[in-house]
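Good morning, and thank you for coming.

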Amino acid sequence: MIFEAKNITKVYQHHTALDDVSISVPEQKIFGLLGPNGAGKTSLIRIINQITAPDKGEIIINGERLQPKHIEDIGYLPEERGLYKKMKVGEQAMYLAQLKGMSKKDAKKELKLWFDKFEIGGWWNKKIEELSKGMAQKIQFVTTVLHKPKILILDEPFSGFDPINANLIKAEILQLRDEGSTIFLSTHNMGSVEEICDNIALINKSRKVLDGKVSEVKKEFSKNIYNIDFNGNMIGFANALWTNFELIEKESFDANNHRAQVQLLNNNSLNSLLKVLIDNDIDIKQVEEQIPSMSDIFIEVVNQNNNLKTNNNE
Amino acid sequence: MSKVGLIIGREYLTRVKKKSFILMTILGPILFAGFFIAIAFISKPEDKNEKVLVLDDTYVLSERFAINEKSVEWTPITSSDIQFNEAIGKFKTDEKYKDYDYLLWLSPKTIEGTDTQSSLIYRKTPSLKSESKIKEAIDKSLEFYFLNVQYKNDSVFSDRLKTAYSKIRSSVNLVSRNINDYDENGVEVKENVDFKVQVGIGLGFSFFIFFFIFFFGSQVMRGVIEEKTNRIIEVIVSSVKPFQLMMGKIIGVAFVGLTQFIIWGILSSILISLASTFIPELGSTDSIVQMSLEQNQQNADIIGLQNDLLNTIFGMPWLNIITSFLFYFLMGYLIYSALFAAIGAAVDNETDTQQFMLPITAPLIFAFYVVAFSAFDNPDSAGMFWLSMFPLTSPVVMLVRISMGSAELWEVLLSMGLLIVTFIGVVWLAGKIYRTGILMYGKKPSYKEIFKWLKY
């Protein structure tokens, strides 16, 4: 594990931002840090960046306790981000790179590579205020990753980008991972979590409520529901099912074409469902497992968690 | 390079590269020099005879010897055998002397060739030109007296020509004073005649410090607010400690101020020295013709040095004043800009700063008003003393006392010590407010909340 947070607790004057949160992140993975607004993600990110210190618990990076020298190993793209508007792009990027401990020479060399890659070399002497928001975001991204940090923390990295540039950034993030970076991705865009995250942790109301590999989380939340498309009539289909299979939803495309959502109960397998349907002469066209989306899981877990808390409070 | 160094560098470079900085740096000395030249123009002499009442036991300026070519009228004061003090009293009060502009006392030792001060008392500050005219008339008369009286029958005159000539050419040592500095009995009213000039200069420095603490302090504050509103702050504090960022900004802006002062100092002195070579000509055009070429340089020196305003100015302890100006400016700036930085961190925009600015700047404004209104009348009051000790007011008050020469060394050292201690304390407190404030957005915090931040 390149990164471990152990029992982190952070209490502010009026509320607890993090309550005994532990997460561990394997090297060279993209780690989705998820949670509703105000759950405590930013507090955790600020602790990792040593902007604030936890009240309890510790952060371990590569076996070492978090300390000032790790600043150079971390790249941080905050959600609320910006640059000096009146400063020239080149000067500004050089400045930020040097603050992260890069030498002037290295910073210049790396910046040139990135500017060529993004084809933005001509912006070097422009002021930030002359650029569009998307252009400024690109610069911001470059300055975040320039010093090749081992750990990269990206808070809503795709906001402000059009789909083309968002894909460009997505590709860069994947490449950074392949080149050795470990990436924290904090986002509300569940689509991108499914696309690029290897692991996730879900924080709700200052507590970690779920974590694990994306594939395993999905399996865990799968409800054994299958979409079955068939020809024939819906009444016949419904009559064929018995107590171990529950018809959850039905949809008719026309008089002859239908889709049914069937949940398998009592550990019945898909095969036994198919056998029943075939025995009843249902003309099956297509069968597909319904895999829960991260968005569904997010909503389900958070709602469940909130209800639980409300009930406990009562 | 250390990170604070990088921050200082950025704060410094982005500011000195601004057009407004360059403009102000160039315009400042021009305005300053223009001010000086304007003074010279204002003191432009009228074309009239200088009427000088003379108390002269040497008779050098009596009708027999006096040279009156430079439109200077010498009139001996009627009763001889009077003391200089009495003469001053008469000059001040006696109706029959009210038409005279000057009272001149020529020291008897002048004709012995020893270096003795003679005095010129004036009713109205004489222009450089008038004063040099009088001085030149005295010198001419002295020359005439030496050649025609003292050495007239000297048999070895030729042998002693060299020494005598140097004596002849030596000019009178004349000190000018205002008649208002004496009472009816000719007794000096004030110990220090140049007092007003000194207080004035001290006040000037006070104003400078007052103005620049606000000017540069609010630059620091705006810088903090800028970083907060354009949201770069979170990126920066993930690389450096907030305290480093705050100090880097404060120090960077301090260097901007010092750069400006140094350039102003250099440009002003160049401009003033350029202008001062033209000051004699500023008086009247025929003065060039009147001055023989060889006398030109000498006259320029006389004009430069004998005018009492300039005389006082040149006679002030400039090294002390400049050193303490830099010290009090820097410390005052450091303390106030740290407070301004804390204010900037606590709010989201400049309009919200008012509420917090007021209590912090109140001591400074109060001190400035006290100085401006009481420095001339009551410079040594207990109030001035305490204000020159209290660290939030001493930067503005102490300079006046120093340039007046009324501050004892221990007082200055104590006030400096208090400033340094206060600086450390204020920076520590401001750092705590700053650290919490920069990451807080939304509602303007109350004093109570800010007080809580100190405990985080």
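How much area do chain B and chain A bury between them? Chain B and chain A bury about 2300 Å², where buried area is the accessible area (1.4 Å probe) that two parts lose on being put together, summed over both. Of that area, 58% lies on carbon and sulfur atoms. Arg10(B), Glu234(B) and Ser238(B) supply 25% of the area that chain B buries against chain A, more than any other three residues.

Let me state the conventions. This is a predicted model, in which local features need pLDDT of at least 70 and side-chain atom pairs count only at pLDDT 80 or more, while totals for chains, interfaces and linings use all residues. Residues are numbered from 1 along each chain as its sequence is written, chains are lettered from A and ligands numbered from 1 in the order in which they are written, and side-chain values use heavy atoms, with hydrogens and water left out.

I return to the interface. The contact (heavy atoms within 4.5 Å) takes 25 residues from chain A and 21 residues from chain B. Between the two chains there are three salt bridges, a salt bridge being a side-chain nitrogen of Lys or Arg within 4 Å of a carboxyl oxygen of Asp or Glu. In one of these, the side chain of Glu234(B) meets that of Arg46(A), at 3.0 Å from N to O.

Which elements give two or more residues to the side of chain B that touches chain A? They are α1 (3-16), α6 (195-229) and α7 (233-237) of chain B; helices (H or I, at least four residues) and strands (E, at least two) are DSSP runs, numbered from the N terminus. The largest share, five residues, comes from α1(B). By type, this side of chain B has nine nonpolar, four polar and eight charged residues. Here Ala, Val, Leu, Ile, Met, Phe, Trp, Tyr, Cys and Pro count as nonpolar, Asp, Glu, Lys and Arg as charged, and the others, Gly among them, as polar.

Next, chain A. Four of its strands form an open sheet in the order β2-β1-β4-β5, with antiparallel pairing. Why is one side of β2(A) and of β5(A) left without a neighbour in the sheet? β2 (16-25) and β5 (64-65) of chain A stand at the edges, each with a single partner strand, so one side of each has no neighbour there. Two strands pair if DSSP finds at least two bridges between them. Strand β1 (residues 3-11) of chain A pairs with β2(A) in the antiparallel sense over six bridges, and a hairpin joins the two through four residues. Within this pairing, Phe3(A) stands opposite Val25(A), and Lys10(A) has Leu18(A) as its bridge partner.

A further hairpin in chain A is formed by β12(A) and β13(A), with four residues between them. These strands, residues 245-252 and residues 257-264, pair in the antiparallel sense over seven bridges. Phe245(A) stands opposite Leu264(A) in β13(A).

Finally, confidence. The pLDDT is the predictor's confidence in each residue, from 0 to 100. Chain A has a mean pLDDT of 90, and 98% of its residues reach 70 or more. Chain B averages 78, with 77% of the residues scoring at least 70. Among the elements of chain B, α1(B) has the highest mean pLDDT (93) and helix α10 (residues 286-290) of chain B the lowest (36). Over residues 281-306 of chain B the pLDDT is below 50. Where pLDDT is low, the predicted coordinates should not be read in detail.
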